[in-house]
Structures are given as structure tokens and as C-alpha cells.
Amino acid sequence: MHSVINSYRTMCACHYRPFIHKLIFQSPLYFPLSLQRSNLGAPSSPFSSSQLQNSDDTNLINSKDWLSSNEVIKIFQNLKNPSSALTAFNQISNRKDYRPNEAIYSLVVKNLAMGKNFDAIETLMEKIKIERKCRLSDEFFYNVIKIYGHLGGRINKAIETLFDMPNYKCFPSVKTFNFVLNLLVNTKQFDVVHKVYMRGSELGVEIDACCLNIIVKGLCRCGEMDAAYKVFDEFPKQNCRPNVRTFSTMMHALCERGCVDEALSLLERMEKEDVEPDAIVFNTLISGLRKQRRVDEGIDMFKKVMMKGCDPNSGTYQEVLYALLDAKRFLEAKDFMAVMIDKRVNPSFESYKVIVHGLCDGKLVGDLDWVLRQMVRHGFVPRMGMWRKILGCLFPDGGCCTTYTYDEILAN
């Protein structure tokens with residue numbers, strides 16, 4: 001017990017360095033390919049790259065020398081004020097050597113998004129439509145829609161942009177179409193999802209399994225399980241097959257509503273249709289069984305996971321452990337903890353808390369000592385309430401242990 005307390009004291013002395021989060025626009029996920037497409041055929045500028053980086057952007061825009069597309073790109077890359085991107089673009093577009101391409105448009109949009117100037121993006125998109133100077137790719141529109149939906153919260157504008165793409169002589173890919181559908185589901189605009197889905201044929205979108213999965217997810221989230229089953233049956237009509245994500249989505253919704261047996265029947269259907277279940281499927285089913293206090297069935301399900309050769313993840317182990325703890329089978333839970341630790345899966349703090357209280361109630365001091373050692377070894381610190389429970393187990397007659405202060409506990 002002294003070693004546990006000393007370990008706790010050592011941990012309290014540690015200092016944790018804060019994580020540094022990268023800004024979203026420093027990520028290469030934004031405009032990864034479009035920046036590579038530039039007009040290399042324009043005459044080169046007399047400015048060197050070092051001069052461009054150190055020169056004033058406004059002076060360069062007003063320069064009488066020819067500006068190549070690469071030099072225009074560098075202007076927008078070096079803008080100190082992202083919100084000034086539209087002003088700079090308007091100045092450049094009035095030049096005789098103005099040769100827009102997707103890379104330039106993309107950088108202007110990126111700068112405006114960084115400045116959260118979404119109205120200016122709308123203005124730019126109208127200008128692009130009028131100019132018709134270059135053909136834009138689906139990737140460009142995907143990123144604009146993503147900015148509207150994720151950064152700007154302008155869901156309606158994201159939908160409008162999707163259906164406006166043909167006016168730019170570009171038709172959306174199924175990836176872009178599905179992104180909008182998923183955006184609507186995640187923002188709980190379930191009534192709009194079906195309307196957008198039904199208009200997919202106008203855009204020439206070929207429905208795939210991912211698209212149908214999004215519809216199923218939306219219906220499940222709004223409680224329309226009968227409609228979700230109808231979409232489920234729609235897969236073969238669309239020359240698609242339901243995949244593991246389709247089944248896991250349905251199972252999760254059923255288990256949330258207490259229909260665990262119905263969810264289990266879907267597992268049988270998976271096997272008949274040769275769809276291999278993954279850890280998420282088993283986690284969902286074990287969790288559903290746990291909530292109905294069907295612990296032994298949950299453990300049997302875990303054994304089935306192992307027999308099928310499916311690699312359980314940390315969530316699978318944790319669900320089984322929670323099931324044993326809920327059933328107050330603390331010694332079995334302790335043994336299962338040992339299995340988890342052997343597999344390098346760390347039990348949660350909540351698991352340790354529950355098992356410590358359970359072992360204390362059962363006066364199982366030897367098992368309690370092992371659990372406490374593992375708890376501290378994995379970086380968890382017992383709190384005051386837990387220490388009081390432990391001391392109450394060690395000194396069942398009460399004595400003066402209940403009057404110990406926090407500092408006195410650490411000093412012993």
C-alpha cells in the first residue's frame with residue numbers, strides 16, 4: 001500500500017506539456033491537387049522568387065511587367081490579411097495578362113475562408129460563373145462545399161452550390177454528393193436529406209452503397225426504422241450490396257431502442273450474405289446485451305469474436321468488462337482486467353473505480369491491492385472518495401481512519 005501512495009505522490013509532481021494544435025488551413029488536406037495545376041505557358045516575370053516573397057503585394061499587382069500564373073499564386077500565398085484576397089483578385093482580374101486557373105481560384109477561396117469572409121466567397125463564385133475563363137474540377141467544388149458546410153455553417157449554400165455545379169460546366173462526383181447528404185444527416189436536417197437524394201439523377205450521380213448507408217443512418221437517427229429497412233431492401237435494386245457499415249448502423253439503432261434480438265438476427269443475415277462482421281458490430285451487440293443484463297450472452301459473443309478470428313479492439317474488451325462489473329462479478333472482472341492488460345489494453349478509470357468499490361464491499365483486500373497497483377501503473381490516481389472506501393475496508397471497525405486528511409494519507 002505504501003508503494004501505491006508513493007507512486008501517487010510521484011505522479012502528482014509530474015507536469016504535462018500542452019498539445020499544440022495545427023491550424024486547419026496548414027493542413028495539406030485543403031486544396032491538395034488544385035494548387036499543382038497552374039498555367040505554365042505564360043511568359044515569365046523578371047522578378048526572382050526571393051523578390052516576390054519580399055516585395056509588397058500591392059506593388060506587384062500594379063506592376064507593368066507580365067505576371068505569370070505562378071507569380072499570381074505566390075501573391076495569394078503571401079497575403080498577410082486573408083480577407084483582402086477578393087480585393088487583390090479583383091485588381092488582378094483587371095490586368096491584361098489575367099489568366100485565371102483553378103489553382104488561383106482555390107487560393108482565393110482558401111484565403112477568404114481563413115478570414116471567415118464567406119460572403120466574399122459567394123461573390124467570387126458568381127464572378128467565376130460569369131467569367132467562364134477555365135473549367136473547374138469536382139475537387140474544387142467539393143472544397144467550397146466543405147467550407148460552406150463545416151466552417152461557415154451555411155448548409156443551404158452548400159446545397160445550392162452542389163446543384164449549381166452544372167452551370168459551371170462541372171457535374172458532381174458521388175463523393176461530393178455523398179458529402180452533402182452526410183452533412184445534412186449530421187446536422188439533423190432529415191427532411192432535406194430525402195429531397196436532395198431524389199434529385200441526384202438531375203446531377204448524373206450514380207447511387208452507391210455509401211450513399212444508401214447515409215440515408216439509412218439518417219432514418220435510424222430520426223427513429224424511422226421501418227423506412228430504414230425499406231432502404232436496406234433497396235440495395236439490390238440499385239446494384240449495390242449492403243456492407244458491414246450498413247449492418248452496424250442498423251444494429252446500433254436497434255440496440256439503442258432495446259431491440260437487441262432484432263439486432264442479433266441481423267448478424268445471422270450478415271453471415272448468410274457473406275458480409276464479415278468487424279469489431280464495431282460485436283461491440284454494438286455486446287453493449288446491447290449488457291444494457292439488458294444479459295451478461296453471459298455478452299461473454300459468449302466475445303468468445304464468438306475470438307473464434308471468428310476478428311480482432312477485438314479496446315472497446316470490445318471494455319464492453320465485456322463493464323458487463324461483468326454491472327453484474328457485480330468483481331473477481332471475474334479482475335481476472336478479465338488481467339487479460340486486458342496482458343493484451344496491452346488499459347481499463348478505463350471508471351472501471352477501476354467500480355471494481356475498487358466492489359472489492360472493498362467484499363473485503364477482498366488481496367485482490368484490491370493488485371487492482372490498485374495496476375491502476376497507478378497505468379496513470380490513474382485514486383480520488384479522496386476512493387481512498388476513504390479503501391481505508392474503510394482496511395479498518396472495518398472505523399477507528400480514526402475516517403478523520404485522516406489528504407496530506408496525512410500522502411505522508412504515510
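A: What follows goes through the salt bridges, loops and surface of that part, and then turns to helix pairs elsewhere in the chain.

The model is a predicted one. A search of the whole structure finds 23 salt bridges. Side chains of opposite charge can pair when their charged atoms come close.

Start with R294 and E297. These two residues form a salt bridge, and their closest N and O atoms are 2.9 Å apart. R294 has a relative accessible area of 19%, so R294 is buried. E297 has 36% relative accessibility and counts as partly exposed.

The next pair involves D296. D296 forms a salt bridge with R329, and here the closest N and O atoms are 3.1 Å apart. D296 belongs to helix α17, which covers residues 295-307, while R329 is in the loop between α18 and α19; the pair therefore ties together parts that are 33 residues apart in sequence. D296 is partly exposed, at a relative accessible area of 46%. R329 also counts as partly exposed, at 24% relative accessibility.

A further pair is made by K334 and D367, whose side chains meet in a salt bridge of 2.9 Å from N to O. K334 is in helix α19 and D367 in helix α21, so to speak of this pair is to speak of a link between distant parts of the chain, 33 residues apart. K334 counts as buried, with 17% relative accessibility. D367 counts as buried as well, with 19%. Elsewhere, salt bridges with shared partners join D119, E122, R154, K157 and E160 into one network.

The loops on either side of α19 come next. Most residues other than glycine have a negative phi. K328 has a phi near 60 degrees, which is a positive value in a residue other than glycine. The place of K328 is the loop between α18, residues 314-326, and α19, residues 330-342. With a relative accessible area of 62%, K328 is exposed. R344 is another residue other than glycine with a positive phi, in this case near 65 degrees. R344 lies in the loop between α19 and α20, the latter being residues 349-361. R344 counts as exposed, at 79% relative accessibility.

V365 is partly exposed, with a relative accessible area of 37%. Together with L394 and F395, V365 makes a nonpolar surface patch of about 220 Å².

G392 is found in helix α22, residues 384-394. G392 is partly exposed, its relative accessible area being 27%. In sequence G392 and D361 are 31 residues apart, and in space their C-alpha atoms are 9.3 Å apart.

The rest of the chain can now be set beside this part. A separation of this kind in sequence and space can also be given for L107 and I75, which are 32 residues apart in sequence and 9.7 Å apart in space, C-alpha to C-alpha. L107 is found in helix α6. L107 counts as buried, with 4% relative accessibility.

Helix α6 is also one member of a packed pair. Two packed helices are described by the angle between their axes and the distance between the axes. Helix α6, residues 102-114, packs with helix α7, residues 118-131, at an angle of about 165 degrees, and the axes are 9 Å apart. Angles over 145 degrees count as roughly antiparallel, and α6 and α7 are therefore roughly antiparallel to each other. Their crossing is right-handed.

A second pair is made by helix α10, residues 174-186, and helix α11, residues 190-198; these pack at an angle of about 160 degrees with their axes 8 Å apart. That angle makes α10 roughly antiparallel to α11. The crossing in which α10 passes α11 is left-handed.

Notes: Residues are numbered from 1 along each chain as its sequence is written. This is a predicted model: local features need pLDDT of at least 70, side-chain atom pairs count only at pLDDT 80 or more; totals for chains, interfaces and linings use all residues. Side-chain values use heavy atoms; hydrogens and water are left out. Patches are made of residues with over 30% relative accessible area and no salt bridge: like charges are joined within 9 Å, nonpolar side chains (Val, Leu, Ile, Met, Phe, Trp, Tyr) within 5 Å. Accessible areas come from the Shrake-Rupley method with a 1.4 Å probe; for residues, only the protein chains shown count as cover. A salt bridge is a side-chain nitrogen of Lys or Arg within 4 Å of a carboxyl oxygen of Asp or Glu. Buried means under 20% relative accessible area, exposed over 50%, partly exposed in between (1.4 Å probe, protein chains only). Axes are lines fitted to C-alpha atoms, for helices over the stretch in contact, and angles run from 0 to 180 degrees between N-to-C directions. Helices (H or I, at least four residues) and strands (E, at least two) are DSSP runs, numbered from the N terminus. Angles under 35 degrees count as roughly parallel, over 145 as roughly antiparallel, 65 to 115 as roughly perpendicular and the rest as oblique. A crossing is left-handed if the near helix is turned anticlockwise from the far one by less than a right angle, and right-handed if clockwise.
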